[in-house]
Structure formats: C-alpha cells, structure tokens
Amino acid sequence: LPFYSGKLICYLFLQLKWVDRRKSIRSNLAMKKQTISLKPITILVNLLPEILKIIGQINAAAYRSYALNKLTEQFPSVWPDVLEAIQHIQDRYGTNRRLTQGFSHKALALSRIIAQLPPIYFSDVINIIFQIQEPSDHVMALTELAKRRMGLWPEALEMTRQIKDESARSRALCEMSEYLPKELWPEALEVARQINNEIARS
C-alpha cells in the first residue's frame with residue numbers, strides 16, 4: 001500500500017467515532033486520496049485488528065512505522081509494533097531524505113516517538129540506536145533518549161566526537177547544551193575546541 005494509506009486511516013478514525021464500519025475500510029482507503037491529520041478521538045476497539053492488518057500491508061517500514069505511531073495515543077499496546085517497524089527502516093541519506101514523507105531514517109523516527117514512549121521500551125530503543133551507522137543520526141536519537149535517561153549523556157557526548165562534519169558536530173553540541181549535566185560541561189567544551197571551523201564553533 002502507498003504512504004497515503006496510513007494517513008487515510010486517520011481519516012477513517014474520524015468516520016468511525018460512532019459507527020462500526022469494518023466492511024467499508026478497504027473501499028474508503030482506495031477512494032480517499034487526501035492528507036488529513038489525526039485528531040484525538042475515540043476509536044472502536046474491535047476495529048483495531050483490522051486496522052493493524054491494513055497498516056501491515058504498507059511495504060515500506062518508513063511509512064508503516066509512521067502510520068502505526070498514529071495509533072499509540074489511543075492504543076499503547078501498539079508500541080512494540082511501532083518499534084519493530086522502525087527497526088526495519090532502510091535509512092536514507094542526503095538532502096532529499098528531508099523531503100520524504102513518513103520516517104525517512106531510524107533516528108528521525110526515534111526522535112519523534114521518544115517523548116511519548118513508555119520507559120519499559122527504552123532498552124528496545126537503545127538496541128535500535130546501536131544499529132544506526134551514521135554518527136550524526138546516532139547522536140540525534142541518543143540525545144533524545146538521554147533527555148529521559150540521564151545516564152546516557154556520556155555516551156551521547158562521546159559519539160559526538162565521531163561526527164566528521166564540523167557543522168553537524170556543532171549542531172549536536174548545541175542540541176545537547178540545554179540538557180547536558182553540569183559535570184559533563186568540561187568534556188563538551190573539549191569537543192567544541194576540536195572544531196576548527198570558527199563559524200561552526202561559534
């Protein structure tokens with residue numbers, strides 16, 4: 001299924017507030033080709049298995065994880081499905097990945113969900129982060145998680161050293177600075193001093 005199917009499910013949520021329309025879900029997905037944002041509403045619980053089945057037909061993990069994430073506010077039990085889909089995202093690189101709908105890379109997906117993610121799943125997130133090869137993306141995701149689990153800050157700071165692009169390293173340090181524990185400030189300053197580009201260092 002194409003990406004718009006995930007957002008069309010959001011449209012169906014609005015239609016299913018009062019009426020059980022299980023038989024019309026598939027036809028509505030084929031007919032409604034427009035982008036509509038999800039709003040917090042009550043969804044009939046007995047529709048969840050079929051909705052999950054439809055989302056499961058979205059081949060690209062970047063889009064499937066995005067659609068699944070839309071369900072978590074109403075159905076926290078869906079979180080394992082979201083994390084599994086994120087784990088299968090094939091990371092995209094280059095400037096074009098910002099133009100891609102859905103979660104174009106694992107770090108973006110994790111950054112978007114961590115604030116709402118129950119702590120019971122933090123270990124799963126760490127496992128996914130270790131799969132990320134690009135240091136900038138690794139630091140992005142690790143920084144978001146460290147905001148909720150303070151013990152990860154030293155590792156996040158150490159990973160920042162491995163970012164080759166000095167502008168990206170500077171951005172990572174700036175993102176950390178507001179949340180970084182004071183005892184790690186000297187190490188952060190050392191990392192900053194290693195940036196040779198004066199514009200990036202400033």
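This is a predicted model: local features need pLDDT of at least 70, side-chain atom pairs count only at pLDDT 80 or more; totals for chains, interfaces and linings use all residues.
How do the axes of α9 and α11 cross, and within what distance do they come?

Residues are numbered from 1 along each chain as its sequence is written, and side-chain values use heavy atoms, with hydrogens and water left out.

First, the overview. The chain has 12 helices and 0 strands. Helices here are DSSP runs of H or I with at least four residues, strands are E runs of at least two, and numbering starts at the N terminus. Read along the sequence, the pattern is α-α-α-α-α-α-α-α-α-α-α-α.

The chain has 202 residues, and 47% of them count as buried. Buried means under 20% relative accessible area, exposed means over 50%, and partly exposed is in between, using a 1.4 Å probe and protein chains only. The accessible surface is about 11200 Å², and carbon and sulfur atoms hold 51% of it. Those areas come from the Shrake-Rupley method with a 1.4 Å probe; for residues, only the protein chains shown count as cover.

Now contacts, meaning heavy atoms within 4.5 Å. Take the contacts with a separation of 6 or more: 61% of them join residues 24 or more positions apart.

Back to my opening. The axes of α9 and α11 come within 10 Å and cross at roughly 10°. Axes are lines fitted to C-alpha atoms, for helices over the stretch in contact, and angles run from 0 to 180 degrees between N-to-C directions. That angle makes α9 roughly parallel to α11. The cut-offs: under 35 degrees is roughly parallel, over 145 roughly antiparallel, 65 to 115 roughly perpendicular, and the rest oblique. On the α9 side, the contact is made by L157, E158, T160 and R161; on the α11 side, by E187, A188, E190 and V191.

Stay with α11, residues 185-193. Its buried residues are A188, V191 and A192. They sit on the same side of α11, because they cover an arc of only 100° around the axis. That arc is taken from the directions from the helix axis to the C-beta atoms. P186 and R193 are exposed, on the other side of α11. An α-helix has 3.6 residues a turn, so residues three or four places apart point the same way.

Next, helix α8, residues 135-146, against helix α9, residues 153-161. They pack at an angle of about 160°, with axes 9 Å apart. So α8 is roughly antiparallel to α9. From α8, the contact uses P135, H138, V139, L142, T143 and A146; from α9, it uses W153, E155, A156, M159 and T160. The crossing of α8 past α9 is left-handed. Left-handed means that the near helix is turned anticlockwise from the far one by less than a right angle; clockwise would be right-handed.

Helix α8 also meets helix α6, residues 106-113. Their axes come within 8 Å and cross at roughly 15°. So α6 is roughly parallel to α8. This crossing is left-handed too: α6 passes α8 that way. A107, L108, L110 and S111 in α6 meet D137, M140, A141 and E144 in α8.

Let's zoom in on single residues. L145 is in helix α8. It counts as buried, at 0% relative accessibility. Not counting residues up to four places away in sequence, L145 touches I114, F122, V125, I126, I129 and L152. L145 and I126 are 19 residues apart along the chain, and their C-alpha atoms are separated by 8.4 Å.

Leaving out residues up to four places away in sequence, T143 touches W153, A156, E175 and M176.

N69 is in helix α4, residues 61-69. It counts as buried at 18% relative accessibility. Beyond residues up to four places away in sequence, N69 touches W79, V82, F103 and I113.

Is Q116 buried or exposed? Q116 is exposed, with a relative accessible area of 53%. Its place is in the loop between α6 and α7. Leaving aside neighbours within four places in sequence, Q116 is in contact with W79 and R148. The C-alpha atoms of Q116 and E73 are separated by 8.6 Å, and the two residues are 43 apart along the chain.
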